[in-house]
Amino acid sequence: MPGVADRRPLLPLVVAILIGSLVPSLVACVALPPPYREAPDYPVRFADVEAITLIPPLVSVYSMSSGNVEQEVQEWSDAVYAQSLDAVRDQIEAMGKRFVPFAGAQGPRPDFRVGTLDANAPKPSTPANESWLLFESAKESILRHTYDPVQIFPDQMKSFEYTLGEASQALLSGTEADAYLLMIATDSIPTGERTALIGVGAAATLYTGSYAGPGATPAELTIALVDAPSGDILFFNRVSMPLSDLRDPATNAKLIELVLKGMDR
């Protein structure tokens, strides 16, 4: 896309500078718990899962200007969507599970651009749509009460029990699977001007000891494994990686691998 530069040539310099400034702090940190969250009986329930499908994910890739203005680039989102499907399938099959392609004609919401519905048409209220919205609410609660150090609920950490209910089977649209994955992926690709400012800010860190450039616009993936019959969320994870680019197939595959890490146990 004109005006948007590839930020990857700057990555070695920026990563080296940022790691150099962070290492002293990391060394002083105590061991952190695993990034994923899971149901108390997760190993047993996952062992019973034979077939897994991926519900059409919500994938949004934006162009971000130096003034923090974001605009989604649909062709980028569509390309990342296709790459994500392949990467998830590969990971599921590597776990020894059977990956089942989604059988529905469209995703849980028309604005996911899956199927033939007009993305600008009024959004119908369907059981699948309502279950997806419930997942988004559950996601926010999980992130707030099991990830945010200020708002963590210790009981929720010890007994991770979230469910979308049996009605969430509507998300499957007839797909025959024991469990299904729900995924949200976002990334913001800096324009050429923003990329240049990031490079200047990183270089200045060598002299000032702190970074004062624009934010690094990390790619983020959130995923949940849901038991199909009950709607219970068995496994939940989120990864956020700065200076990455979901449009790159290798990066996309690596982030999918990271967000699913720990699921096969």
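In this predicted model, the accessible surface of the protein comes to about 13,200 Å², and 58% of that surface belongs to carbon and sulfur atoms. Buried residues account for 43% of the 265 residues in the protein.

**Overall fold**
- The secondary structure consists of 7 helices and 8 strands.
- Of the contacts between residues at least 6 apart in sequence, 73% join residues that are at least 24 apart.

**Lys97**
- Lys97 sits in the loop between α3 (74-94) and β5 (98-100).
- Although Lys97 is buried, it has no salt bridge, and the nearest side chain of opposite charge, that of Asp264, is 6.2 Å away.
- A polar atom of the Lys97 side chain lies 2.9 Å from the backbone oxygen of Phe46.
- Leaving aside residues up to four places away in sequence, Lys97 touches Phe46, Ala47, Val49, Glu50, Ile52 and Ile92.

**Nonpolar cores**
- The largest nonpolar core has 35 residues, of which Ile52, Leu181, Leu221, Leu225 and Met263 touch the most other members.
- Elements that each supply at least two residues of this core include α2 (42-47), β2 (51-54), β6 (179-190) and β7 (219-227), while the largest share, 6 residues, comes from α3.
- Beyond residues up to four places away in sequence, the contacts of Ile52 include Phe46, Ile92, Lys97, Leu181, Leu225 and Met263.
- Another core, of 22 residues, lies apart from the largest one and has Trp132, Leu143, Tyr147 and Leu182 among its members.

Note on methods:
Residues numbered from 1 in each chain as written. Predicted model: local features only at pLDDT ≥ 70, side-chain atom pairs only at ≥ 80, totals over all residues. Heavy atoms only, no water. Helix = DSSP H or I, 4+ residues; strand = E, 2+ residues; numbered from the N terminus. Buried < 20%, exposed > 50% of the residue type's maximum accessible area, 1.4 Å probe, protein only. Lys, Arg positive; Asp, Glu negative; His and termini not counted. Salt bridge = Lys/Arg side-chain N within 4 Å of Asp/Glu carboxyl O. Polar contact = N/O pair within 3.5 Å; in protein donor to acceptor, adjacent residues only side chain to side chain. Contact = heavy atoms within 4.5 Å. Core = buried A, V, L, I, M, F, W, Y, C linked by side-chain atoms within 4.5 Å. Areas by Shrake-Rupley, 256 points an atom, 1.4 Å probe, with all protein chains shown as cover.
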